[in-house]
Amino acid sequence: MEIPDVRIEHFHRNGFFFIPNPLGVENMCQLEKRQRQVEPEWEKSAWPPGFNRMACQFFLLGEVVLQLVEEPALVDLARRLLDCREVHVGACGIGDASGILAEDGRPQRQVHWHVDGSPALKQVSLRTALDRHDAENGPLRVLPGSHLRPNKEVEEELLQVELATGQHDEHPKHFFAAHPHEVEIKLEPRWTLVWTPSCWHATGVKSAPGPRRAISWNYFPAGGRKRDVEALKYIFADEWESWTLERKDLWGLTN
């Protein structure tokens, strides 16, 4: 996968860029079909406490997603972006998370501004929409460059932008207001977003009917997060110990 240096620099400076969907049309159709097959089982299953449900659905897809994440060109891209020799997958998920109501109690289906990390946390995530995430379907909103700034500084900035809406009588706990420098990402299935969730991000309001599905996974350098390793062991309980050392390393199963 040929990624020019200027695009790598854009990632380090702004926190994101796009590549064509590495699955291709045929494999994307197969992935979507498999996702619909496992979703009923996933919905009725009682997952152990602490497991990320979207990660459980991801692993239920089986070998198809393991091989996708293990694609050498994608692993090499992660190594280049993270500037390290070895990477592992520390978080992943697939499905529709848009059913969650805004956490401030409003009826809108929307995620507030937040960050999954800090400037000290190196990570790269690949995110592909299974359905078009347009302006009415809860598009991801990213604040470019915020992964380079202290979290407290960005949080205060977002608070002041929120207060400027004139909607609050006291300091709100969650912020939704549009930042003047945000990028609203209308993600088409034919493109994959390569980004760092250490950038502050939110979503727009989902008002369109139908699902808002996506698949994503995060690569980390050695010593990075391993949020979903126990879910992986649970779902692949009869298999993972016989995996190759290379596969175990990539999925965070070794120290």
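The model is predicted, so local features need pLDDT of at least 70 and side-chain atom pairs count only at pLDDT 80 or more, while totals for chains, interfaces and linings use all residues. Residues are numbered from 1 along each chain as its sequence is written, and side-chain values use heavy atoms, with hydrogens and water left out.

On a 1 Å grid over the protein atoms alone, a pocket is an open set of points with protein on both sides within 12 Å along at least five of seven lines, a cavity is a set where a 1.4 Å probe fits but cannot get out, and lining residues have an atom within 4 Å of a point. The largest pocket holds about 940 Å³ of space. Strand 8 gives the most to its lining, with seven residues. Strand 2 (87–96), strand 3 (124–129), strand 7 (201–203) and strand 8 (213–221) are the elements that give two or more residues. Of the 41 lining residues, Ala97, His114, Asp116, Arg127 and Ser216 lie nearest the centre of the pocket.

Strand 2 turns up again at the largest cavity, where this strand gives the most to the lining, with four residues. The cavity has a volume of about 60 Å³, and a search of the whole structure finds one cavity of 30 Å³ or more. Among the residues that line the cavity are Phe59, Val89, Cys92, Leu232 and Trp251. Helix 7 (229–235) joins strand 2 in giving two or more residues to this lining.

Next, look at the second largest pocket, with about 220 Å³ of space. Helix 5 and helix 8 (245–250) are the elements that give two or more residues to its lining, which includes Val75, Asp76, Arg79, Glu246 and Arg247.

Helix 5 (residues 72–82) also packs against helix 1 (residues 5–14), at an angle of about 60° and with the axes 10 Å apart. The two helices are therefore oblique to each other, a term for angles that are not under 35 degrees (roughly parallel), over 145 (roughly antiparallel) or 65 to 115 (roughly perpendicular). Asp5, Ile8, Phe11 and His12 of helix 1 make the contact with Leu77, Arg80 and Leu81 of helix 5, where contact means heavy atoms within 4.5 Å.

Methods. Axes fitted to C-alpha atoms, helices over the stretch in contact; angles between N-to-C directions. Points joined across faces, edges and corners; volume = space filled by probe spheres on them.
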